[in-house]
Amino acid sequence: MFDLNDKVAVVTGARRGIGKGIAEKLAEAGAKIVISDIDQEECDSAAAEIAERFSREAIGIKCDVSSKEEVDSLIQKTVERFGKLDILVNNAGIFFQKPLMDYTEEDWDKVLQVNLKGVYLCSQAAAREMIKNSYGKIVSVSSIAGIIGYPDAAAYCASKAGIINLTREMAIELAKHKINVNSVAPGLIETPMTQHIIEDQEQFQKTLAGIPWNRQGHPSDIANAVHYLVSDEADYVTGQTIVVDGGWTIQ
Ligand code: NAP
């Protein structure tokens with residue numbers, strides 16, 4: 001089930017956290033993996049670890065997703081190495097909290113450029129290759145902060161809501177090329193990004209009280225949903241966002 005043998009997958013922001021968990025899951029299912037992130041050495045070491053652990057081809061390619069030049073080069077190098085691109089996972093993202101009244105224009109631009117423009121740039125470049133083969137799976141990691149408000153995170157909430165509707169729009173345009181476009185919206189997942197929330201026991205316990213499953217999620221929880229969406233079993237699913245949050249947003 002959900003076999004990815006011979007598929008070629010690029011995962012952005014994959015040197016650690018959710019992205020690394022996704023890359024591991026796709027490699028386990030048979031895919032050849034491109035680990036992309038902003039530091040070449042870290043990409044190389046994550047790729048080497050995955051290649052050894054799952055006996056798959058895995059390479060690292062540095063790419064700042066907010067740079068069109070670097071994104072184009074990421075896709076070009078992937079195709080040079082593997083001959084095609086089947087799967088793109090837009091995972092790279094940044095999060096920080098600041099009250100709205102303290103927000104600067106630079107803060108706003110930085111978050112939107114990485115979190116939303118990055119998804120547009122990577123998806124467009126990847127789709128150009130996928131169209132050639134009339135096959136493709138694009139999954140973007142949004143957030144429940146794109147569905148409900150989250151305090152002191154104006155640009156983050158806006159960027160993640162933008163991903164959810166960009167997903168619908170791209171799904172419509174790319175359907176004729178047999179390309180599926182979907183999104184996964186995580187709740188609280190334990191990664192370096194959320195370490196400060198989990199270490200603050202008072203805030204953490206308060207958050208857990210609002211989550212019916214009464215636990216934080218792990219990168220594997222998100223990777224399992226992505227694995228389904230990039231598989232052929234999900235061919236008829238497009239433009240959707242699967243919420244993976246232990247029930248946080250249902251009450
Ligand atoms: P993480 O541990 O911080 O990993 C994100 C990775 O993306 C980091 O390696 C980061 O590098 C990299 N990155 C940052 N800017 C980049 C850029 N411009 N180009 C390429 N890579 C870049 O975060 P995570 O928790 O795994 O989050 C992964 C995704 O899930 C993000 O989109 C996040 O918004 C989303 N998400 C996470 C949670 C959660 O609870 N963890 C919840 C909802 C959504 P640096 O560390 O060097 O910046």
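The structure is a predicted model. T78 is part of helix α3, which runs over residues 68-82. A polar atom of the T78 side chain lies 2.7 Å from the backbone oxygen of L74.

**Two partly exposed aspartates**

D39 sits in the loop between β2 (32-37) and α2 (40-54). Is D39 buried or partly exposed? Its relative accessible area is 33%, and therefore D39 is partly exposed. The side chain of D39 reaches the backbone nitrogen of E42, at a distance of 2.8 Å. D39 can also be placed relative to D64: the two are 25 residues apart in sequence, and their C-alpha atoms are 8.8 Å apart in space.

D152 is found in the loop between β5 (136-141) and α5. With a relative accessibility of 38%, D152 counts as partly exposed. Its phi angle is positive, about 60°, although D152 is not a glycine.

N214 is another residue with a positive phi that is not a glycine; the value for N214 is about 50°. N214 lies in the loop between α7 (201-209) and α8 (219-229).

**Around the ligand**

How many residues surround the ligand? There are 28, and the closest are R16, N91, Y156, I189 and T191. By class, this shell consists of 14 nonpolar, 9 polar and 5 charged residues.

| Residue | Protein atom | Distance to a ligand oxygen atom |
|---|---|---|
| I18 | backbone N or O | 2.8 Å |
| Y156 | polar side-chain atom | 2.6 Å |
| I189 | backbone N or O | 2.8 Å |

On its own, the ligand has 890 Å² of accessible area, and the protein covers 91% of this. The space that the ligand takes is the largest pocket. Which elements give two or more residues to the shell around the ligand? They are α1 (17-28) and α5 (154-174).

Y156 and I189 are both listed among the closest residues to the ligand.

Notes:
Residues numbered from 1 in each chain as written. Predicted model: local features only at pLDDT ≥ 70, side-chain atom pairs only at ≥ 80, totals over all residues. Heavy atoms only, no water. Near = heavy atom within 4 Å. Polar contact = N/O pair within 3.5 Å; in protein donor to acceptor, adjacent residues only side chain to side chain. Areas by Shrake-Rupley, 256 points an atom, 1.4 Å probe, with all protein chains shown as cover. 1 Å grid on protein atoms, 1.4 Å probe; cavity = no way out; pocket = protein on both sides within 12 Å on 5 of 7 lines; lining within 4 Å. Sits in = over half its atoms within 2 Å of the grid points. Helix = DSSP H or I, 4+ residues; strand = E, 2+ residues; numbered from the N terminus. Nonpolar A, V, L, I, M, F, W, Y, C, P; charged D, E, K, R; others polar. Buried < 20%, exposed > 50% of the residue type's maximum accessible area, 1.4 Å probe, protein only.
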